[in-house]
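Subject: Structure for you to look at

Hi,

Here is the structure I promised to pass on. Please open it and keep it in view while you read my notes.

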Amino acid sequence: MVRRYNRTLKLTGWFVAATAGLLLSVFFAVSYGAKELTLPAVWSAVFHYDAASTADQIIYNLRLPRVLGAVLTGMAFAVAGAIMQGVTRNPMADTGILGINAGSSLVVALSFAFLPALSYTGLMALSFVGAALATLLIVVLGAATPGGLSSMKLTVAGAIIAAMLHSLSTGVALYYDLSQDLAFWYAGGVGGIGWNQLKLLAPIILLTILWTITLGRPITFLSLGEESAVNLGVRVRLIKVLAMTAVVILAGVSVSAAGAISFIGLVVPHMARRLIGVDYRVVIPFSALLGAILLVWADLASRMVQPPREFAIGAMVAIVGVPFFLVLARREGREL
Amino acid sequence: MMDIHRVQVGKMRRAWLVSLLLLVVAVIVMLISLNTGTIRLSPLRVLYTLFGMGTRQEQLILFDYRLPRILITMLAGIGIGVAGAVLQGTSRNSLADPGVLGIHAGAGLGLIVYVSFFRTLEGSSAIWIPVFTFVGGVVTATIIFLLAYDRRRGLLPIRLILVGIAIAAGISAITLLLSLRLDEDTYTFTATWLAGSVWARDWLHVWALLPWIVLLVPWVYWRSPKLDLFALGDELALGVGGYVNRSRIELMLLAVALSCASVAMVGSIGFIGLAAPHIARRLTGAKHQYFLPAAALLGLVILLGADTIGRSIFQPNFIPAGVVVSAIGGPYFLYLLLKSRF
């Protein structure tokens with residue numbers, strides 16, 4: 001009884017800390033940038049918006065949407081990564097192996113080549129379709145073979161199809177002389193997100209995350225191994241399909257909005273599991289908070305290194321994430 | 001006893017047959033490749049010219065343009081194929097390829113560092129690009145080795161792969177940061193290189209690559225019984241009496257050297273290192289002594305074929321060989337993998 005009480009207390013503590021951290025990070029990220037603004041100015045811009053003041057305009061029209069965009073996409077990538085790692089029981093699984101980055105980058109390359117006048121929202125929609133199609137291709141190919149969709153087969157098929165699509169998009173980009181445009185897109189960034197895109201992103205991402213939390217229990221069982229999950233009464237195939245659907249929605253939407261920064265989805269779930277254990281009912285929401293914090297800081301860093309130029313946010317995430325991941329890799333190696 | 005002997009002989013005969021067949025295919029692909037280009041040369045004219053009986057123009061085309069490029073492609077194909085086979089053998093991971101050791105990422109970074117900071121270096125870029133990419137690949141592989149090394153338990157394959165992924169991601173990030181600052185033309189060259197295209201076309205490059213392949217490939221072949229030992233797993237290999245760690249490090253260094261030398265000449269073509277050993281193993285069986293030659297020849301055939309296709313079909317523009325390899329090799333490889341149960 002006491003232990004259980006302690007555990008709840010600890011969890012609550014972590015969640016309160018993470019939420020507070022997220023709020024603080026958001027305020028920081030909104031107030032710092034090429035033009036520095038004080039916290040009271042941010043406060044008044046949000047709650048007493050004055051269209052005549054430049055500061056209010058910068059905050060309301062430029063910074064707030066991009067920071068909120070970072071929050072949402074960070075959440076989505078982190079949750080997608082957590083689900084992938086839980087379902088495939090592969091600590092290195094991220095949304096890359098579902099072909100999501102590669103599929104959307106091929107479609108983006110094609111639309112740069114043939115539909116150059118496409119709007120940002122149109123590009124987002126198309127790249128989401130590309131991501132979903134690539135995943136569908138991988139899952140169907142994996143499932144249509146003898147032995148069914150094992151986690152190993154998913155990984156192999158995913159790696160190969162991703163490599164194929166990736167090199168096709170390089171080919172298209174080189175042939176039509178678009179490689180640098182594509183590189184900029186691929187490098188990612190939340191700078192292009194405005195209120196219009198947020199209206200689209202927010203409900204999709206938040207609702208999907210809420211939905212995945214209800215899948216937390218069966219995913220926890222699945223992460224213990226497929227056989228024990230079956231014994232515990234989990235309908236494995238159904239849960240896998242539902243989980244993949246959630247991953248495609250989350251990662252596909254955020255890749256299309258912010259580019260290929262799925263490394264965040266590899267790193268954050270590991271952090272979350274170390275801090276609060278392996279129960280996916282809490283790992284999923286906690287990963288969401290951590291992912292949001294990490295991406296908000298990565299975005300801030302990418303703006304602050306050399307203002308007013310912006311660095312690629314994907315590179316920022318990797319530079320922060322890699323040392324951490326190395327420590328993790330050494331530790332996993334020791335246990336294996 | 002007789003039966004085992006007969007099976008052995010059968011396998012050996014099969015391996016010989018496969019290798020011979022691949023050799024014939026390689027010669028055919030080479031002739032086609034010599035023939036393709038803006039000006040076509042018939043095989044007969046090629047033969048004449050090789051023996052010094054061609055016109056001046058034919059000699060120029062053959063000796064100054066096509067032959068060096070084709071020789072580089074062939075050598076690099078062999079190098080990448082063998083390096084992939086060795087890496088898969090030593091790490092007991094059928095998905096390992098030179099990319100796992102960060103060689104492609106490191107070589108790419110080397111190239112970007114050169115075009116970003118040392119462009120004005122004396123001497124032509126033809127000399128410096130291979131130097132920078134080779135050093136980039138070797139340094140990255142060394143870093144990954146050192147980080148994956150455990151003082152008590154030696155080199156652990158699983159940790160090698162984890163560390164490799166992380167380092168490759170970090171290096172790609174730096175590459176991306178630097179590459180976004182390049183001007184458009186330089187970037188296009190870099191992107192073509194990164195996609196894997198045979199850019200080296202001087203005799204200098206042939207002579208630079210030749211010793212690596214000629215010396216290291218036989219060395220790997222000589223050590224091939226060790227590769228068979230690794231397939232049994234570390235404990236068993238140790239029990240049978242192998243110095244597991246020492247041979248693993250030796251073979252991995254060989255693979256690193258082979259693939260760095262090849263990648264420096266033909267850009268980061270990843271897929272061949274993965275696919276050639278797989279297909280070879282299917283054709284000749286799992287014994288390295290038999291399938292290493294097949295893997296080498298397959299690497300040669302695939303790379304040379306892809307380069308020929310890439311520069312002939314899409315004239316006057318061209319498609320990097322790496323793109324052709326994964327566009328054609330990908331589906332086939334997928335078919336092979338999905339047909340098998342695992």
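First, a term you will need: two residues are in contact if their C-beta atoms, placed from the backbone, lie within 7 Å. Helices (H or I, at least four residues) and strands (E, at least two) are DSSP runs, numbered from the N terminus.

Some ground rules. This is a predicted model, in which local features need pLDDT of at least 70, side-chain atom pairs count only at pLDDT 80 or more, and totals for chains, interfaces and linings use all residues. Residues are numbered from 1 along each chain as its sequence is written, while chains are lettered from A and ligands numbered from 1 in the order in which they are written.

**The two chains**

Chain A has 14 helices and zero strands. Its radius of gyration is 20 Å, close to the 20 Å that the globule rule gives for 336 residues, so chain A is as compact as a globular protein of that length. That radius is taken over C-alpha atoms, and the rule is 2.2 Å times the number of residues to the power 0.38. The C-alpha trace of chain A spans about 65 × 65 × 35 Å along its principal axes.

Chain B has 14 helices and two strands.

Next, burial. A residue is buried if 20 or more other C-beta atoms lie within 10 Å of its own, exposed if 12 or fewer, and partly exposed in between. In chain A, 52% of the 336 residues are buried. In chain B, buried residues make up 52% of 342.

Now look at contacts between residues at least 6 apart in sequence. In chain A, 77% of them join residues at least 24 apart. For chain B the figure is 76%.

**The core**

A nonpolar core is a set of buried Ala, Val, Leu, Ile, Met, Phe, Trp, Tyr and Cys residues joined through C-beta atoms within 7 Å. The largest one holds 222 residues, and A:V79, A:V247 and B:V82 touch the most other members. Helix 3 (residues 54-88) of chain A gives the most to this core, with 16 residues.

Find B:V82. Beyond its neighbours within four places in sequence, B:V82 contacts B:V217, B:V220, B:L258, B:L292, B:A295 and B:A296.

**Helix packing in chain B**

Axes are lines fitted to C-alpha atoms, for helices over the stretch in contact, and angles run from 0 to 180 degrees between N-to-C directions. Helix 3 (residues 56-91) of chain B packs on helix 11 of chain B at about 150°, with the axes 8 Å apart. The two are therefore roughly antiparallel; the cut-offs are under 35 degrees for roughly parallel, over 145 for roughly antiparallel, 65 to 115 for roughly perpendicular, and oblique for the rest.

From helix 8 of chain B, B:W212 and B:W219 are among the residues at the meeting point.

Where does B:T308 lie? B:T308 is in helix 13 (residues 288-312) of chain B. B:T308 is buried, with 22 other C-beta atoms within 10 Å. Leaving out residues up to four places away in sequence, B:T308 touches B:V29, B:I32, B:S33 and B:T36.

Best wishes
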